[in-house]
Amino acid sequence: MNLHNNKTVLSLLFCLVSLAQPGWPDDLYENELLGLYGSEELISIATGYTQPVSKAPAVASIITSEDIKRMGAMDIDEVLEAVPGLHVARNHQGYNPIYTFRGIYSDFNPQVLMLINGIPVTNLFAGNRSNTWGGMPVEAIQRIEVIRGPGSAIYGADAFAGVINIITKSGENLKGLEVGASHGTYDTTNLMASYGTAWSDSSLGVVLEASTTDGQRGRIGADAQSYLDAITGTQVSLAPGRVNLQRDSLDFRLDYRKGNLIVRTGYQGRYNAGSGAGVVQALDRSGEFKSQRINADLTYTIPELMRDLSATFSASFLNATQEVEKDVLLFPPGSTGSFLDEHGNPLLGLFPDGVVGNPEVFERHVRLNTSFHYLGLKDHDLSLGLGYYSGDLYRVNEEKNYCTDIVSCEYIHSIGGVVDVSDTPFVFLRESTRKNYYIYVQDIFNLANDWELTAGLRYDHYSDFGDTINPRLALVWSTTNRLTTKLLYAEAFRAPAFTETRNINNPAALGNPSLDSETLRSLELAFDYKSTHGFNTIFNIFYYQWEDIIQFIPDPVGGTNTAQNAGRQTGSGIELESKWTPRSGLDFTANYVWQKSTNARTDHEAANAPQQQFYVQANWGFLPDYNLNLRANWVMDREREINDPRASVDDYVLVDMALRRSNLWRKFEAALIVKNLFDEDAREPSPNGVPVPLIPGDLPLPGRTIIGEIRYRF
Amino acid sequence: MTELARLIGILNGSILLAMAAMVFAGGVAADDETEIVVVYPKVREPFAALYRDYLVGISETVPGKVTEYAINGESQASLAKAVDLSPPDVFMAIGNKSVKIADQVRGGRPLVAVVANRQYESVLSGGILLKPSADVYMANLLDIYDKIHKIYVVYSPEYDQDLVNDAKTIAERRGIVFTAVKATDIREAAAGYQKFLQEAKAYSAIWLLPDNGFLDSSLLSTILDVAWEKKLIVFSSNPLFVKHGALFAVYPDNRGVGVTLGEIALSVENGEKLPLQPLRDVRLAVNERTINHLGIDLSPEVRRRIELMLPGR
């Protein structure tokens, strides 16, 4: 279904609006209840429908399942774009998200920690969520907590530029059986079913989601092969051509609770996944990746181990894979590959079937954590935690039909074709393990009336790169009844990924086993103003220093690049967010951020991250049962790297709309969702290259996308 | 696409399982057990979650069959038909609108309800008025701060005369000075509050009665801002006020209300008529930021009773 016509959008809108029936005056009941509780938000909290926001001595945002539904979001990335100070850029490979907080941008984005129910989903391979991430659907999500700035004093490694914690739904949250389906542009179909039930002291919740999509069809004008074609005289590039973002997904989550025990398990399968704009920025129409992620965790809480002392024990397991389903073409059939001598002559001749590289990675993560919470000392709220982590990148497979040095060329040519180099010295990565022990303490100390100091310290020992200690301090002053002032200082570290420490046989990016972690120090001042007129605003100023940034630096001899702790970046900025709720059912949200970061090595503005971003959202519940959500996101001022010949990345404004009608023919619910309503040509930056960027025209984002959704609640 | 096909198979399976569970769950009550029909309004979330909590309490107390009718315009007719075919022993209604609907179909059988005001009291065999009694307010105030020496309240004689009289009696028995000012409109109320805010000394209490319509957001802001500056204790039955800076509020414990309603239903089954009870099943909401500002130490017993510790910010 490709609907690219404004009239179609409007007629669909009118269709849905015309389904309005004379409403039963639900407002009467709602007013009666509002009189008792004061506001819908309080009703939500009082019924446990939503959890109250814990007092976070950090600049945090909470997005609830209701917010997500109102937005019409299908993937967490659409939700996260609404968080002030967070912009979701794209990597050329599979369009993996680059969660950019406060000017901290990197191709693989290991500087952001994503947690599901407090457990990291970080992969050892690239330090990100997965190179075959394939998004995350939202049906199972109860809420998302986003902390801007560092959080290593509590969360440890990679809680660096920001932390995204996804809390999934329990049986208590789900209550009953619901099924739903949606279909829309790019032949995208989503199916979901959820079931939740609760007994006196236990509950069970299950969410199943499946989707299939052809993926957006953004056009790449020229790619890495276009560059090679110009040098070698071949004419085989698939550009101009479309990105390949087809994908099938299956997600399952189960949550069982009994008394103080929580048992959860999940499965995320990504199949037939296209490589986006190509693994090495050359379009690939046929390559397909697969990823399977299986997780399980168990948490047991003893609310009163002793008087005033509670304890929580948790254990978790995650197995994650990156697999290849169909040969991944690094360069298309007829290419010479990037194997050229200094005069541009091919070293390995032509590859009639294309340059094939099928990297597969299998990893396993086990975590144990114990934490204690003590309230027995007057004016103190003490926490102590200790834990163990074991990560094992236990299998590396690779098939390829190219080689990078004399020895590997002899081996590969002696066999011929696409050769399995797994368990040979010619594979791209060493299998390896990482172990980590840690201990942390935190005290929330009530210094005086209106003054509270949070002090935390965490020590981590890593088997591969040593020790690190990370503190945080937060001074919170209840300035007046409406205003709270916070001063926050924190340090963080980012563990080197195995691509940075253990890469081999890739002359452009060799691993360095003696790397240190990247470090970040951050200072923030925040003002939080809440009026009784439904108007809240938060303003904060931040400054950070990012040190020991891991970069692949040319070696003195041999024409290779090796990972080094070489980079340094400093940045500062402001974030302003406001929410106004003039009455129940109507609210407006706006946020504006400005940041300026500088690459200290080049003294040039840090590249790719937006220096300004402005986001507005209006949400209106009207008639009984209708909800209209309109939002606009304006991404501005993205600079290039110092030696990038291109002009700055174009700004864009994306407008999304979601119209939802619940209580339709009793148990149905329908929604019409339009993303990029005005079909804006929005692009995310492609990497710079030497001597030229390989995809000069950047990475196109989806055009207008129209989705119809229907749900039925039993 | 094979994965999708597999998924659709699983989906179909889970729907069948759920349907089977529903069939088996719908048991039939024994003849000697009380059968109850609960009528409540069909509303959206999160409002619907409140009714679910009532129903949990009701089901825990009533040993017999409890049939629920979430009523909207269309389902009113099916309710009438169903109760005509199989009349229950007692009708229960949640909210005034439901009382009106249940009253039309009950055919003389007892009707108990939980309501926010006394509009339909005459047709009820018993029930709960969702307003905490004076002793509930006073007990919670003293639990949180037992050195209280003065309480101020502006009230509407139309709505709250009895409540204020009871509170005054309890307070004076404890040696607390109780100053109550009558107001019939927002201007009189504002004047009353202004007078209190001027004369109140630190750790005096201001009791905000939310149901008289006197408190618009400007007046509430002024009260809470001055209370912060002068360290006055503000309490209420509205958790929203706590969010904005009042020290505490008592609000309905819906499951507890459901249990009490179930007990009332069982006791009026044979036609007795009871007066509406004030709300005693309450939960406690406290503003931690205000607690710290006032420097009040909560006893472990009170801390345990707090259901909502509203975030400091």
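**Confidence, domains and helix packing in the predicted model**

Chain B as a whole has a mean pLDDT of 84, with 87% of its residues at 70 or more. Residues 1–5 of chain B also fall below 50, and they make 10 contacts beyond near neighbours in sequence. Where pLDDT is low, the predicted coordinates should not be read in detail.

Chain A has a mean pLDDT of 90, and 92% of its residues reach 70 or more. Over residues 1–27 of chain A the pLDDT stays under 50, with 32 contacts in the model beyond four places in sequence. Residues 51–56 of chain A are likewise below 50, and this stretch has 9 contacts beyond near neighbours in sequence. For the model overall, ipTM is 0.75 and pTM is 0.86.

Chain B is assigned three domains: domain 1 (1–32), domain 2 (33–124) and domain 3 (134–252 + 283–310). Between domain 2 and domain 3 of chain B, the C-alpha centres are 34 Å apart.

Helix H5 (residues 134–144) of chain B and helix H6 (residues 157–173) of chain B have axes that come within 8 Å. Their crossing angle is roughly 40 degrees. H5(B) and H6(B) are therefore oblique to each other. The crossing of H5(B) past H6(B) is right-handed. H5(B) contributes Ala134(B), Asp135(B), Tyr137(B) and Met138(B) to the contact. H6(B) contributes Leu163(B), Asp166(B), Ala167(B), Ile170(B) and Ala171(B). By class, the contact of H5(B) with H6(B) holds 7 nonpolar residues, no polar residues and 2 charged residues.

Helix H2 (residues 47–61) of chain B meets helix H10 (residues 254–267) of chain B with axes within 7 Å and a crossing angle of roughly 40 degrees. This angle makes H2(B) oblique to H10(B). Their crossing is right-handed. On H2(B), the contact residues are Leu50(B), Asp53(B), Tyr54(B), Leu55(B), Val56(B), Gly57(B), Ile58(B), Glu60(B) and Thr61(B). On H10(B), they are Asn254(B), Arg255(B), Gly256(B), Val257(B), Gly258(B), Val259(B), Leu261(B), Gly262(B) and Glu263(B). The contact of H2(B) with H10(B) divides into 8 nonpolar, 6 polar and 4 charged residues.

Helix H7 (residues 186–199) of chain B and helix H8 (residues 217–230) of chain B have axes within 11 Å that cross at roughly 10 degrees. H7(B) and H8(B) are therefore roughly parallel to each other. Ala190(B), Tyr193(B) and Leu197(B) of H7(B) are in contact with Leu219(B), Ile223(B) and Val226(B) of H8(B). The contact of H7(B) with H8(B) has 6 nonpolar residues, no polar residues and no charged residues.

Two backbone features of chain A were also noted. Most residues other than glycine have a negative phi, and most peptide bonds are trans. Ala239(A) and Pro240(A) are joined by a cis peptide bond, with omega about 0 degrees. Pro240(A) sits in the loop between helix H8 (224–232) and strand E12 (241–242) of chain A. Asp637(A) is not a glycine, yet its phi is positive, at about 55 degrees. Asp637(A) belongs to strand E31 (residues 626–638) of chain A.

Note on methods
Residues are numbered from 1 along each chain as its sequence is written. Chains are lettered from A and ligands numbered from 1 in the order in which they are written. This is a predicted model: local features need pLDDT of at least 70, side-chain atom pairs count only at pLDDT 80 or more; totals for chains, interfaces and linings use all residues. Domain bounds come from an automatic or database domain assignment. pLDDT is the predictor's confidence in each residue, from 0 to 100. Two residues are in contact if their C-beta atoms, placed from the backbone, lie within 7 Å. Axes are lines fitted to C-alpha atoms, for helices over the stretch in contact, and angles run from 0 to 180 degrees between N-to-C directions. Helices (H or I, at least four residues) and strands (E, at least two) are DSSP runs, numbered from the N terminus. Angles under 35 degrees count as roughly parallel, over 145 as roughly antiparallel, 65 to 115 as roughly perpendicular and the rest as oblique. A crossing is left-handed if the near helix is turned anticlockwise from the far one by less than a right angle, and right-handed if clockwise. Ala, Val, Leu, Ile, Met, Phe, Trp, Tyr, Cys and Pro count as nonpolar, Asp, Glu, Lys and Arg as charged, and the others, Gly among them, as polar.
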